[in-house]
Amino acid sequence: MSEPRVKRIKTCLPLCKTHFSSAGSLARQNFPTVVEGSLCGVSTLLMEVSYRLEALAKIFEQSDLALPKVAVYFHQESVKELERAEAMLQYLTQRGGKYCSKNIQRPGTEEVCAILPALEIMLNQWKEEMSVMVELNQLAHEYRDPHTASVIKSQFIQPLVPKVKLIGDLLTSAHRVGCTSDSTGGFGEYLIDRLQETLTIA
């Protein structure tokens, strides 16, 4: 059965331009090539998110900017993002697809020296990830792949919703207690670090 022709004008999906399709795989069934390539590209995006969050964790472990609970939170979220990437790769393999190894981009966090820009980076990252996952879900529907659409919604979109809300609320709190975009946040950053219950999410 041939794949449906779908005209897509604009996309924010990180497509794998060098993807080698596994069209001859015995495990492959009703798995559109464009969905396979998108899963491959999104898996790399999740790895980059994990790398970026771990880089932020290291910043808050430094002696001149020691916010241990913040560092632990970023590290925990980095591990979760890596687990999400591995789950997507496992699903890709189960469907008979292949992953194309690619270089992971630098985290781009070198100039971060306070909690406010770190939280902004995290919020923007998760909003981008949410947008990508929603489009991937729509792509699967358009190419008549309901199984992939269901997996993306339940395992990748729904868990992101409370994360985005948490970081949005935390950013509001950071502004209220006087956190800044440089290293002069002082007591405000200390208060944010003490909000251990706020910095945990199921």
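E77 and K80 pair up in a salt bridge, with 3.5 Å between the closest N and O atoms; the term covers a side-chain nitrogen of Lys or Arg within 4 Å of a carboxyl oxygen of Asp or Glu. This is a predicted model, in which local features need pLDDT of at least 70, side-chain atom pairs count only at pLDDT 80 or more, and totals for chains, interfaces and linings use all residues. Residues are numbered from 1 along each chain as its sequence is written, and side-chain values use heavy atoms, with hydrogens and water left out.

The two partners sit 3 residues apart in helix α2 (residues 68–94), so about one helical turn separates E77 from K80. Helices here are DSSP runs of H or I, at least four residues, numbered from the N terminus. E77 counts as buried at 1% relative accessibility, while K80, at 27%, counts as partly exposed. For these labels, buried means under 20% relative accessible area, exposed over 50%, and partly exposed in between (1.4 Å probe, protein chains only).

Helix α2 also holds R84 and E81, again 3 residues apart, or about one turn. Their salt bridge has its closest N and O atoms 3.6 Å apart. R84 is buried, with a relative accessible area of 9%, and E81 is buried at 0%.

R84 also meets the side chain of E129 in a salt bridge, 2.6 Å from N to O.

Elsewhere, shared partners join the salt bridges of E54, K58 and E61 into one network. Searching the whole structure turns up 9 salt bridges.

Definitions and conventions: Helix = DSSP H or I, 4+ residues; strand = E, 2+ residues; numbered from the N terminus.
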